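Here is a short briefing on a predicted model. It covers helix packing, aromatic pairs and charges over rings.

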Amino acid sequence: MKRITGLHILVAVLAALYAVFWFWYGGAGRPLSETEIQHYLTRFDEIGPGDGTLHVRGQFETWMKQDDGNEFLMVNLIDEPADLAAEEDYNRAILPPLLRRASFPVFMVRPFASFIEPEGHHTWDVVAVMRYRSLRDLLEVITGPQAERLRDLKEGSVAKTHVFPAHMVFSFIWVRFIAAALLVALGLALHFALRPFRWYRR
């Protein structure tokens, strides 16, 4: 029987960590079922439209019926918030449950000059992109126990915004590859650090 060494254990631990990351990061799930769609529509009806600033039920219904279960990006074109305190409260409330579902901000940029734009085009103050693991994850958060509070905070923080979902076509930022490379680097560092110890070589 082949002897199990410290290197074997290290490789197994790193592989397990990457498997956990792969499962958490996801991005290739199953589409929403009709039962799930009806559940979320019922929750939207229970939550109510708030002050009417955001009209999303109809858009979500159409989107849910087209859902493919995969990850997507949400592009946010934003004017400076009407209420900075409400925006901060909204971010504090929504980011933790999103992060638990591998959904997070990808980047945020602020335009500093006008360039090529159609006549009458609105100039936005901020452009932000969020990554969502799936539409199901987004719906779980915005229709969950904090739904009414999140709705009110979002409506209070919005001055003017244009939001739309998008699928990635191409990117040099490969998160799964970066995570694997970091684990390989960590593994090499630990291997060379532990190699002098006899118990590790056994």
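**Helix α3**
- Helix α3 spans residues 57–65, and its buried residues are F60, W63 and M64.
- Viewed down the axis of α3, these buried residues fall within an arc of 100°, so they line one face of the helix.

**Aromatic pairs**
- The structure holds 14 aromatic pairs.
- W24 and Y25 form a tilted pair, because their ring centres are 6.3 Å apart and their planes meet at 55°.
- W24 is partly exposed, at 33% relative accessible area.
- Y25 is buried, with a relative accessibility of 5%.
- W199 and Y200 pair edge-to-face, with 6.1 Å centre to centre and 90° between the planes.
- W199 is exposed, at 52% relative accessible area, whereas Y200 is buried at 4%.

**Aromatic cluster**
- Ring pairs join Y18, F21, W22, W24, Y25 and F104 into a cluster.

**Charges over rings**
- Which ring lies under the charged end of R131? The ring is that of Y25, and the charged end sits 3.7 Å from its centre.
- R176 places its charged end over the ring of W22, 5.4 Å from the ring centre.
- Both of these rings, Y25 and W22, belong to the cluster linked by ring pairs.

Note on methods:
Residues are numbered from 1 along each chain as its sequence is written. This is a predicted model: local features need pLDDT of at least 70, side-chain atom pairs count only at pLDDT 80 or more; totals for chains, interfaces and linings use all residues. Side-chain values use heavy atoms; hydrogens and water are left out. Buried means under 20% relative accessible area, exposed over 50%, partly exposed in between (1.4 Å probe, protein chains only). Helices (H or I, at least four residues) and strands (E, at least two) are DSSP runs, numbered from the N terminus. The arc is that of the directions from the helix axis to the C-beta atoms. Rings of Phe, Tyr and Trp (its six-membered ring) pair if their centres lie within 6.5 Å; planes under 30 degrees apart count as stacked, over 60 as edge-to-face and the rest as tilted. A charge sits over a ring if NZ of Lys or CZ of Arg is within 6 Å of the ring centre and within 35 degrees of the ring normal.
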